[in-house]
Amino acid sequence: MTSPTSYQQNITEFPVRNIEKIHLPKNLEDLRAILLLAGESGRPVYPISTGHNWGLGSRMPVNDADIIDLKHLNRIIEVNRELRYARVEPGVTQQQLYDYLEIHAPELMLNVTGSDAGSSILGNIMDRGSGKSGHRAEDLRELTLMLADGQLIHTGFGELQSTHGSFYKYGLGPDLTHLFTQSNYAIVTEAVVNLRVKQPFNLYLAVIDKAGLQAFLNQMAKLVAQEIVGYSLEIDSQNDPKIYELFESGKDFSDKWIAWFVVTGQEEVLPAKHSVVSKALASLTSDLKTYSSAADHSSSTPPVRVRIDRYHGQPNDHSLLATARKFGVELSGQEVNLDLHPQIPGFRCVLPVIPFTGASAALIQYIENFSHDRQLDPAISVIALNSYSLEVFARVYFDRSDQSAVSKAGTWASDLLSELQLQGIYPYRLDIENMAGYLQKIKNPYTRLQNQLKNLFDPNNTLAPGRYS
Ligand SMILES: Cc1cc2nc3c(=O)[nH]c(=O)nc-3n(C[C@H](O)[C@H](O)[C@H](O)COP(=O)(O)OP(=O)(O)OC[C@H]3O[C@@H](n4cnc5c(N)ncnc54)[C@H](O)[C@@H]3O)c2cc1C
């Protein structure tokens, strides 16, 4: 569908932006022509890779703009097995790269996200998303990008035309790669993304008393810092719809957190690591289950099975399908597009980043209390981005046809962001509705420099105006 209307439909029921046209470039020449025309006409454009930016804006721009949908730029340009990377265009999906690797480099895997298999690799990195094994931005080696004037630029050693592949991400001199993530300075046309070597692993499922979260986080921070546990920790509230199948047996998990994490290593190493983990967590969990990646999990409960798949680099749609099913909607078909199913509840999310320390348990408790005071019961996932940062994915669900529920959720999100800001806690990603107001409040020399850079790269302000600046 290429009508602007379908691009305005969004799971969050954000107010509709004016979109007059959908551009669908098939190659770089098309893209250059679109950008030059936008510069001449002054009509802004907003790039999307697959546009599954659910909860943050879906396919809608921050401010009124035409859409450049990059789905047809979907080539896997190179996979380098020795240097372990893939060079991909914006429209390449997680599933597409997985299928390619299974045939051409089955020992390698991508750090996949918990979003759907049809979502892009590049768009997610452009928003600095999170994978199952850590921050997606940290997987980025190099970029190729097009500036508003049509110039093509390569970061890293790309401009120097190294013939030895991508093996050193900083290039020479100031490193500009991350100027282009979470920004509106250019349109990225290629990314070089790290691949990992598949390894045997144990997946752990731990049940934690709510009162024990601080001690658990303290201990996990140590295990991650010691590199016993990877950047894989995910702690879910028991009302999180994507894990509802765990509770179908009728067990009572109220007042519990459900934690998942992974320990990797060759067969000789895993038992030693397992013994360290079991001892460290013995008094901190009310239940600790282990699932070996080598075992057959075809009869395991879906939340276990799909996590095993993801840690093998295989993406899936389970989070979306389970959420829909929990609310009584059975989704099927090739492409799962939440935006186009108004019968699935909408959701608003807030994504603070908090320190990976035991003390952060109080911040998580704060978010719960803040929401309960407003008669809202948020689903919360706490996810390790690396050894010192945790992402909080807090969201409330609502009936998309109930305008008062939509605005109640919207007010919850804006107020929570403001209250957390007063405590020195900031979001690691922002939605299109809160972007302008939130960024307005944090004007300082650094943000002024960001704006000067915007002016340098895109003097007519035609590329994604308002996106993170
Ligand atoms: C149930 C559920 C689970 C989820 N799990 C995760 C998760 O585990 N991790 C996670 O990070 N997110 C998650 N998400 C959020 C979201 O679905 C993903 O982040 C998804 O990858 C974003 O969509 P996309 O890849 O299509 O990017 P897009 O929507 O195409 O783009 C994202 C942003 O990047 C910008 N952009 C895109 N392409 C370019 C380009 N070529 N040049 C410049 N800028 C560009 C866009 O303007 C947009 O603002 C989840 C959502 C749901 C509903």
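**View 1. Elements around the ligand.** The shell around the ligand draws at least two residues from each of β2 (45-48), α4 (122-126), β11 (187-194) and α8 (318-326); helices (H or I, at least four residues) and strands (E, at least two) are DSSP runs, numbered from the N terminus. The model is predicted: local features need pLDDT of at least 70 and side-chain atom pairs pLDDT 80 or more, while totals for chains, interfaces and linings use all residues. Residues are numbered from 1 along each chain as its sequence is written, and side-chain values use heavy atoms, without hydrogens and water. α4 gives the largest share of the shell, four residues.

**View 2. Residues and domains of the shell.** The ligand is surrounded by 31 residues, with Pro47, Ser49, Thr50, His52 and Ser120 the closest; a residue counts if one of its heavy atoms lies within 4 Å. Because domain 1 (76-197) and domain 2 (201-312 + 317-422) both contribute to the shell, the ligand lies between them; the domain bounds come from an automatic or database assignment.

View 3. Contacts here are pairs of N or O atoms within 3.5 Å. Oxygen atoms of the ligand lie 2.8 Å from a polar side-chain atom of Ser115, 2.9 Å from a side-chain N or O atom of Arg429 and 3.3 Å from a backbone N or O atom of Asn53.

**View 4. An open sheet of three strands.** The order is β1-β3-β2, with parallel pairing; strands pair if DSSP finds at least two bridges between them. β1 (22-23) and β2 are the edge strands. Two bridges join β1 to β3 (residues 66-69), and Ile22 stands opposite Ile67 in β3.

Definitions and conventions:
A polar contact is a pair of N or O atoms within 3.5 Å; within protein, one must be able to donate a hydrogen and the other to accept it, and residues adjacent in sequence count only if both atoms are side-chain atoms.
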